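Subject: Structure handover

Hi,

Here is the structure I promised to pass on. Please open it first, then read the notes below it.

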Amino acid sequence: MVKRYASAALGDGFKKLGHAFFQRPALALAPDLIGTILVRRVQGKKYRVRIVETEAYVGAHDLACHASKGRTRRTEVMFGPGGRAYVYFIYGMYEMFNIVASVEGDAQAVLIRAAEPLDGWEADLSGPGKFTRALHITRTQNGIDLTGSDIFLLNDPSYQPQLAATKRIGVDYAKEWKDELFRFLDAKSSAVSKRPPAKSRRRPRQVTE
DNA sequence: GCGTCGATGGCA
DNA sequence: GCCATCGACGCG
């Protein structure tokens with residue numbers, strides 16, 4: 001089901017986010033990414049989306065973080081400096097797009113789980129697999145600099161998300177890390193990948209404002 | 001609207 | 001043998 005979003009025409013006065021924005025702990029970056037605009041240029045087209053859901057993976061000690069398996073060919077990018085893409089393949093079908101956070105040697109990342117299409121584009125971006133599919137992001141983008149031209153981000157000071165935090169999705173194996181409130185979402189958005197269970201939906205934990 | 005389940009392949 | 005998913009299906 002493709003949802004429609006009432007979005008005003010957007011100007012181009014937004015500021016591009018640079019390395020300093022990304023080279024912070026994932027727990028600081030993940031909520032700050034909510035409401036920002038991601039631009040994807042591919043096949044001569046430009047797509048803009050608003051990020052509405054993220055998850056922080058906070059380092060090699062975080063058992064839900066791929067880096068906890070050690071420094072391998074797959075996880076290598078995460079050990080590099082923040083501001084690059086970490087794209088991996090999962091479930092035999094899906095590519096997952098992450099933004100590497102923190103600094104060289106500290107393997108942290110933020111998974112982008114959902115977004116809203118802008119500029120009148122109709123697409124369902126309400127899930128990490130759907131997001132990458134619609135934006136033509138695959139493992140060939142693994143490691144690219146996110147301050148370049150293929151994928152980059154813009155701030156949008158005029159947009160004020162209603163920030164909430166919940167547990168991360170699908171990490172029940174991660175022992176004491178599974179219940180950390182490391183998933184961030186814009187409660188105003190109908191594009192979040194899964195509505196929280198009814199109980200917590202009534203009162204999402206406020207993390208700002 | 002919600003729970004269950006199969007597809008499918010890279011990784012350790 | 002898992003797994004940061006999705007969509008189809010059955011239910012009533």
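How many aromatic pairs does the count come to? The count comes to five aromatic pairs. Keep in mind that this is a predicted model.

Take Tyr 86 and Tyr 88 as one example. Their ring centres are 5.2 Å apart and their planes meet at 35°, so this pair is tilted.

Trp 177 and Phe 182 form another tilted pair. Here the centres are 6.5 Å apart, with 50° between the planes. Are these two residues buried or exposed? Trp 177 has a relative accessibility of 15%, so it counts as buried. Phe 182 has 9%, so Phe 182 counts as buried too. The cut-off for buried is under 20%.

Now the overall layout.

Chain A has four helices and nine strands. Starting at the N terminus, the order is α-α-β-β-β-β-β-α-β-β-β-α-β. Chain A has 209 residues, and 51% of them are buried.

Next, DNA strand B.

Which residues are around DNA strand B? They are Thr 72, Arg 74, Phe 89, Tyr 91, Gly 92, Met 93 and Arg 139. By class, this surface has three nonpolar, two polar and two charged residues. Look at the DNA atoms within 4 Å of the protein: 52% belong to sugar or phosphate, and the rest belong to bases.

The side chain of Thr 72 has an N or O atom 2.4 Å from a phosphate oxygen of DNA strand B. A polar backbone atom of Tyr 91 is 2.4 Å from a base oxygen of DNA strand B. A polar backbone atom of Gly 92 is 3.5 Å from a base nitrogen of DNA strand B.

Then DNA strand C.

How many residues surround DNA strand C? There are 20, and the closest are Tyr 88, Tyr 94, Asn 98, Gly 170 and Tyr 173. Of the atoms of DNA strand C within 4 Å of the protein, 62% are sugar and phosphate. The surface near DNA strand C divides into 12 nonpolar, five polar and three charged residues.

Which elements each supply at least two residues of this surface? They are strand S3 (85-90), strand S4 (94-101), strand S5 (108-117) and helix H3 (128-134). H3 gives the most, with four residues.

Backbone atoms make contacts with DNA strand C as well. A polar backbone atom of Ala 64 is 3.1 Å from a base nitrogen of DNA strand C. Pro 128 has a backbone N or O atom 3.2 Å from a phosphate oxygen of DNA strand C. For Gly 129, a backbone N or O atom lies 2.9 Å from a phosphate oxygen of DNA strand C.

The largest pocket has a volume of about 560 Å³. Which elements give two or more residues to its lining? They are strand S2 (45-57), S3, S4, S5 and H3. H3 gives the most to this lining, with four residues. In total, 28 residues line the largest pocket. Tyr 88, Tyr 91, Met 96, Arg 113 and Ile 169 lie nearest its centre. Tyr 88 is also among the closest residues to DNA strand C, and Tyr 91 is one of the residues around DNA strand B.

Last, two loop residues.

Where is Ser 189? Ser 189 sits in the loop between strand S8 (183-186) and helix H4 (198-202). Its relative accessibility is 1%, so Ser 189 counts as buried. A polar atom of the Ser 189 side chain lies 3.0 Å from the backbone nitrogen of Ala 191.

Glu 104 is in the loop between S4 and S5. Is Glu 104 buried or exposed? Glu 104 is exposed, because its relative accessible area is 55% and the cut-off for exposed is over 50%. Glu 104 and Val 87 are 17 residues apart along the chain, and their C-alpha atoms are separated by 18 Å.

Best wishes

Note on methods. Residues numbered from 1 in each chain as written. Chains lettered and ligands numbered in written order. Predicted model: local features only at pLDDT ≥ 70, side-chain atom pairs only at ≥ 80, totals over all residues. Heavy atoms only, no water. Near = heavy atom within 4 Å. Polar contact = N/O pair within 3.5 Å; in protein donor to acceptor, adjacent residues only side chain to side chain. Nonpolar A, V, L, I, M, F, W, Y, C, P; charged D, E, K, R; others polar. 1 Å grid on protein atoms, 1.4 Å probe; cavity = no way out; pocket = protein on both sides within 12 Å on 5 of 7 lines; lining within 4 Å. Points joined across faces, edges and corners; volume = space filled by probe spheres on them. Phe/Tyr/Trp six-rings, centres within 6.5 Å; stacked < 30°, edge-to-face > 60°. Buried < 20%, exposed > 50% of the residue type's maximum accessible area, 1.4 Å probe, protein only.
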